[in-house]
Amino acid sequence: MTKVRIPTPLRPKTGGKSEVEVQASSIAEMIDSLESAYPGIKERLCDESGEIRRFLNIYLNEEDIRFLEGKETPLKDSDEVSIIPAIAGGK
Amino acid sequence: MLTIPTSIAEEMIAHARKLDPHECCGILGGKDHTVSQHYPITNILANLSEDELGRFDGPKLSDLKQLSPEERADIAFQMDSQEMGKALRDIRDKSISLQAFYHSHTFSPARPSQTDITIAMEFESYREKLNLPEPLHLIISLLDKSSPDIRAYRIVNHESLEIRTILT
Ligand SMILES: [Zn+2]
């Protein structure tokens, strides 16, 4: 199982859970497994064309998946994935 | 204390003025509390759809919803995650470290808002997983258009603490 850290803005979709576990062999599969467990989460993660939304980064352990193989990045059992929104703020 | 080369401070002010009335944002890298690299980042807030605003909460969300997408960037910012990822990667490649995130307040003082504090604390909860050092939060106020005010803060335990900045 891969551990996935869920950011605050997405926790309403996971019943408040900040960490969930999924069975997946790639980031793309992980997104689909999350969607089966928590319907509606996929559209919060990906845009209409299936790309990761522009305000989210997905890290495999400490590495941004964009610098690995993107959504095709393979996952191992001991991996930890963190979904992290980019910095924001306001006045 | 945070030391910033005057040239980088001028670049940040120029970035803030260029985007005014929208807020600008960016990242500073360096070593030992001294900034050496400036990464302006796109504020993508004006490009976000209504359902993507779930990122913000409470009063900020209702404020944002009352505005047109264009106007939303006047009161808030959202960094482009791809550019942020690239900047953090470049900082690592250069063997320097993250020093600060910055953004502008185009018509209010250089003090962190409640939204700034909430989101900084949220980032703080992810930061260790990414093996990043604690960043300062820099605000450039254009309240007085002729003399922009740059101030740096530590945001910890839901409170902000001003840190002295030195321009060199
Ligand atoms: Zn702010």
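Analyst: In chain A, confidence is lowest in strand S6 (residues 88–90), with a mean of 93. It is highest in helix H1 (residues 27–37) of chain A, at 97. The score is pLDDT, the predictor's confidence in each residue, from 0 to 100. This is a predicted model: local features need pLDDT of at least 70, side-chain atom pairs count only at pLDDT 80 or more, and totals for chains, interfaces and linings use all residues. Residues are numbered from 1 along each chain as its sequence is written, chains are lettered from A and ligands numbered from 1 in the order written, and side-chain values use heavy atoms, leaving out hydrogens and water.

User: What does chain A average for pLDDT?
Analyst: Chain A averages 95, and 100% of its residues score at least 70.

User: How many helices and strands in chain A?
Analyst: Chain A has 2 helices and 6 strands. These are DSSP runs, numbered from the N terminus: helices are H or I with at least four residues, strands E with at least two. From the N terminus, the order is β-β-α-α-β-β-β-β.

User: New topic. Which ring does the charged end of Lys91(A) sit over?
Analyst: The ring of Phe107(B), 4.2 Å from its centre. That needs NZ of Lys or CZ of Arg within 6 Å of the ring centre and within 35 degrees of the ring normal.

User: And Arg89(B), where does its charged end sit?
Analyst: Over the ring of Phe67(A), 4.6 Å from the ring centre.

User: How much of chain A is buried?
Analyst: Of its 91 residues, 54% count as buried. Buried means under 20% relative accessible area, exposed over 50%, partly exposed in between (1.4 Å probe, protein chains only).
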